[in-house]
Amino acid sequence: MTTTLDLSGFWDFSLSETPRYASQLRLPGSLQAQGFGDDVSVETAWTSEIVDRSWFTEEKWAPYRQPGNVKIPFWLQPEKHYVGPAWYRREIEIPRDWAGRRVTLFLERAHIQTMVHLDGVLIGSQNSLAAPHIYDLGCDLRSGRHELAICVDNRPPVDVGPNSSSLTDHTQTNWNGIIGRIEIRALPAVWIEQADVFPDPSGASALLRIAIRTATGRPGRDILYVGDQPHEVAWDADGGVAEIVVPIPEKAEHWNEFTPCLQRLSIRLGEGDTEVVFGIRHLGTSGTQITLDGHPIFLRGTLECCVFPRTGYPPMTIEEWRPIFGTIKDHGFNLVRFHSWCPPEAAFCAADEMGLYLQVECSTWPNTTTGLGRGLPVDTWLYEEAAAILRTYGNHPSFLFLAAGNEPGKALPEFSEYLAGWVRHWKARDPRRLYTSAAGWPALPENDYHNIPEPRIQAWGQGLGSRINAQPPSTMAEYRRFIDEPEGPVFDPGGFNTAAAQAVRPIITHEAGQWCAYPDFSEIGQYTGLLKARNFEIFRDTLEANHMGGQAADFLNASGRLQILCYKEEIESFLRTRNFGGFHLLQANDFPGQGTALVGWLNPFWKSKGYVTAAEFRRFNHATVVLARLDRFTFTRDETLRASLEVAHFGAGPLEGARPYWRLVDQAGREYARGEFAERTLPIGNGIPLGTIEVPLRAMPAPLQCKLIAGLDGMEFENDWDIWIYPEQSAEPAAGDEILFVTDWDDLSVGIRPGGKVLFNPPAAHVSGDVALGFSSIFWNTLWTRGQAPHTLGIVCDPAHPVFAEFPTQYHSNWQWWDLIRGGAAMVLDKLPPCVQPLVQVIDDWFANRRLALAFEVNVDGCGILVCSGDITSDLERRHAARQFRSSLLAYMKGDSFRPKAEVAVGQLASLFHR
């Protein structure tokens, strides 16, 4: 007997409060993706928050506000936009042999509120953003034809926060439609409503809790089979619950990231049957670490914010999720955090089979327009949503963590009290996973773990005061005070911590990273669906208007290498911290909204941008990572390179036969030193010492860029760090008689003479403009952070240019540039002729696309002038890189290669500086 009717196909369709069916579209799908709705205009009423509203008023955006050329910069732009009710109608035919059976309508994912009418009679309404909408059509539905009409309204019936990934314009769009399975189902009059499996911590058995429902209105009893084992069960007039302990075979493998073994139980009651898939695992905590089956795990997570540009809604099949999760695992991650939304069943199934841990959130980012604990409708809805999520997806072994949502509003202390009760409630009802109040805050004593914004190397509001911009680079940073001093301050922007909240808990850093790269304009052609990259088109226009259109790929790759350098140091700092819980990065792929946050080395389609491979990324982001502690990256030949090697190992078990080694090689691969350490077995954990390195550098050539490589012989685990070795010098490099070295404009202006050579090194305070130059790349994006520093994305240069003959460099920023950028300034060359090409170009924020320089050369009245706005004057005895760069500049200027061709007037050059 057929028990399911597939309702996918064409439906009659109407966009109105009262249906007037004049069109058709396909379900599953959304109306916007099929060309229905309104064109985007200045008057479009977006669902989400726009922090910087200058697009609506400022003159520079005026060309993009014109009818026919509307382009928005703050997120991807849908071809069509619609918020309101839409009606979907079709005929269904109920088979004769369904008589007496319970008939239901199953809508796997609808957005947002549905109201179902059968033959003109209202059946009911539902509004879950995460779980299927299931409607009971009764047991007495006559056979034959019926009219089914569904009103889908994407106006949020409950304010969950306008920026929640579950409905936001920033990522998936606030779409209208139904996706996934759309079915009419026939069930017996007595059916299995729910079957939950609770494996015992020992792994020897599992508690099977089965909810039985009846439409007969009468009590009853029957034999329920689990596999081939019979169990007598009973129920009353409304149904009942049966609890059965099921033995687990002794040889059954446990589920984890390394062995994602799944178990299946078939359950049969009368004419109905179901299958439950689960994994044997026990999740817990031990002090500051999360454990799985008693072993500590280290969470290496990235976010997924419902970014699916081709459709504007999430994929609903396992086949679509497998490549996404495969890419995530290929880059060394073992967790995905679903930011303020819950994925569909297919994502859980794919994660189960691939061994990926999931943090799910209850569809809310309750701030800005709403808040928790204030008696608003969201308070009740959040319990209902959590119940629906746990009921629908609770058996999936990949579902390890649940949070109420993201970063709740902090206006009242009631939000903390509300979330404490919410955590207590669900911990008591479903112990199969760990719970925290919300991603971000607050840190509550009820939390199983804290998912808070610290520790990290840069955060909101820090700007140039962050560690990566303010402290000389090294690989010594770690966060032991968060582990060894739990009574110390734990981040809680709401100010509602209690002494109990400071008790030992695992800490998972919230939204670490957020390092940006320049836009990849070659990506524009990939937007073939609903969403278009009109924001990229704007950024490309301004780059071309400022005579740099041909440099877009260089900007992408150079800024991308700096981005990866920042991610590497941040991830390694977490791995260096003994007994730390882990991190969530924001994020591996770009976040296209909130002003355009290009934080990924993968684009929104999970495709590589080309400047780092998955294998390269895994060198520092993996279950096993070799680490080196270096107090600096630049040395002189009269010094000794010292480093301590250690390993973070969170593999499937202790690693036997580990033979650590190290090598010091130059860029061409020539080896200058090497060493090995004794073979050993590595336990699970981090901070595991391997040995120390001491290399006297006297015999090394200089200047030289080399690489310290360390790994485990015969295994895939290897890592590396760039090192620079410079000649020993105690005095500052002399300009000599032929070059005038000046730091003041007045001295420069009187020193200009035909045939002369001047090296001008103005103090940063004398450089005009408001560009906040930093070593790191931009944090998130300046449109959303209201201009948080830095405003730049590193440097780009030509390493083969003779100006760098004595200063080894790649084409992008690396640690040796920190000394020159810190305390330096970016010079704005927009008022100079386009022929003035920087020797060291600073990559600007894509919203501004100014032509910036750290060093350039010009010809002024026959005088060759090289201008460097990095500090090559002060404290050169200790600042090795700055001293060496100055030496390289002077050597270049003394040679025949220094012949600046770009001619500028004195007044043009003077416009770059103020006194």
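**Close-ups of cores and rings**

**View 1. Phenylalanine 325 and its contacts.** Setting aside neighbours within four places in sequence, phenylalanine 325 is in contact (heavy atoms within 4.5 Å) with Val336, Phe338, Ala347, Ala350, Ala351, Met354, Leu356 and Leu358. This is a predicted model, where local features need pLDDT of at least 70 and side-chain atom pairs pLDDT 80 or more, while totals for chains, interfaces and linings use all residues. Residues are numbered from 1 along each chain as its sequence is written, and side-chain values use heavy atoms, with hydrogens and water left out.

**View 2. The largest nonpolar core.** A nonpolar core here is a set of buried Ala, Val, Leu, Ile, Met, Phe, Trp, Tyr and Cys residues joined through side-chain atoms within 4.5 Å; buried means under 20% relative accessible area (1.4 Å probe, protein chains only). The largest has 198 residues, and Phe325, Trp601 and Trp817 touch the most other members.

**View 3. Rings around phenylalanine 74.** Phenylalanine 74 is buried, at 3% relative accessible area, and tryptophan 55 is buried too. Rings of Phe, Tyr and Trp (its six-membered ring) pair if their centres lie within 6.5 Å; planes under 30 degrees apart are stacked, over 60 edge-to-face, the rest tilted. The whole structure holds 50 such pairs. Phenylalanine 56 and phenylalanine 74 are stacked, at 6.2 Å and 20°.

**View 4. Arginine over phenylalanine 56.** Arginine 53 lies over the face of phenylalanine 56, 4.4 Å from the ring centre. The criterion is NZ of Lys or CZ of Arg within 6 Å of the ring centre and within 35 degrees of the ring normal.

Definitions and conventions: Buried < 20%, exposed > 50% of the residue type's maximum accessible area, 1.4 Å probe, protein only.
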